[in-house]
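Please look over the sequence and the model first, then read the points below by topic.

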Amino acid sequence: MATPASTTELAHRTGLSPAGVSQNLTALRDAGLVSAHRSSRSVLYARTAAAETLLDAATLTRPTSRRKGPPE
C-alpha cells in the first residue's frame with residue numbers, strides 16, 4: 001500500500017471480500033506492518049516503516065531468474 005487505502009478499496013484491488021481483507025489487515029496491524037488512521041468516515045491503512053524494510057529486503061533477495069528442474 002504505497003498510498004493509504006480503505007478496506008473496501010483493498011477488496012476491489014485484490015478481489016478478496018471486505019471481510020477477508022479486514023482479517024488480513026488486523027493480522028498485519030497486530031504484527032506492526034500496517035497502521036490505521038481515520039479520515040472522515042473511513043479508516044485508511046498504510047504500510048509502516050517495518051513493512052517497507054521487509055519489502056526492501058525481499059526485493060534485494062529475490063532471484064533474477066527461476067531455474068527449472070531439480071536442484072543440482
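In which helix does E9 lie? E9 lies in helix α1, and the model that shows this is a predicted one. With a relative accessible area of 34%, E9 is partly exposed. Its C-alpha atom is separated by 9.7 Å from that of V21, a residue twelve places away along the chain.

**Overall layout**

- The protein has three helices and two strands.
- Read from the N terminus, the order of these elements is α-α-β-β-α.
- The protein has 72 residues, and 21% of them count as buried.
- Taking contacts between residues at least 6 apart in sequence, 30% join residues at least 24 apart.

**How α1 and α2 pack**

- Helix α1 covers residues 7-14 and helix α2 covers residues 18-30.
- The two helices pack at an angle of about 110 degrees, and their axes are 9 Å apart.
- Angles of 65 to 115 degrees count as roughly perpendicular, and α1 and α2 are therefore roughly perpendicular to each other.
- On the α1 side, the contact is made by T7, L10, A11 and T14.
- On the α2 side, the contact is made by P18, V21, S22 and L25.
- Sorted by type, the residues of this contact are five nonpolar, three polar and no charged.

**The buried side of α1**

- T7, L10 and A11 are the buried residues named for α1.
- These residues lie on the same side of α1, because they cover an arc of only 105 degrees around the axis.
- The buried residues of α1 pack against α2 and against β2, which spans residues 42-47.
- Just after α1 comes G15, which takes a positive phi of about 80 degrees.

- T7 lies in helix α1 and has a relative accessible area of 18%.
- T7 is buried, because buried means under 20% relative accessible area.
- Leaving out residues up to four places away in sequence, T7 touches P18, V21, S22, L25, V43 and Y45.
- L10 is also found in helix α1, and its relative accessibility of 10% makes it count as buried.
- L10 and L44 are 34 residues apart along the chain, and their C-alpha atoms are separated by 10.0 Å.

**The nonpolar core**

- The largest nonpolar core has seven residues in all: A5, L10, A11, V21, L25, V34 and Y45.
- Helices α1 and α2 each supply at least two residues of this core.
- In soluble globular proteins, nonpolar side chains tend to be buried together.

- S40 is found in the loop between β1, which spans residues 34-39, and β2.
- The phi of S40 is positive, about 60 degrees, although S40 is not a glycine.
- S40 is exposed, with a relative accessible area of 68%.
- T48 lies in the loop between β2 and α3, the helix of residues 49-61.
- T48 touches G32, L33, V34 and S35, when residues up to four places away in sequence are not counted.
- For one of these, S35, the C-alpha atom is separated by 6.3 Å from that of T48, and the two are 13 residues apart along the chain.

- A51 lies in helix α3.
- A51 counts as buried, at 9% relative accessibility.

Technical notes
Residues are numbered from 1 along each chain as its sequence is written. This is a predicted model: local features need pLDDT of at least 70, side-chain atom pairs count only at pLDDT 80 or more; totals for chains, interfaces and linings use all residues. Side-chain values use heavy atoms; hydrogens and water are left out. Axes are lines fitted to C-alpha atoms, for helices over the stretch in contact, and angles run from 0 to 180 degrees between N-to-C directions. Helices (H or I, at least four residues) and strands (E, at least two) are DSSP runs, numbered from the N terminus. Angles under 35 degrees count as roughly parallel, over 145 as roughly antiparallel, 65 to 115 as roughly perpendicular and the rest as oblique. Contact means heavy atoms within 4.5 Å. Ala, Val, Leu, Ile, Met, Phe, Trp, Tyr, Cys and Pro count as nonpolar, Asp, Glu, Lys and Arg as charged, and the others, Gly among them, as polar. A nonpolar core is a set of buried Ala, Val, Leu, Ile, Met, Phe, Trp, Tyr and Cys residues joined through side-chain atoms within 4.5 Å. Buried means under 20% relative accessible area, exposed over 50%, partly exposed in between (1.4 Å probe, protein chains only). The arc is that of the directions from the helix axis to the C-beta atoms.
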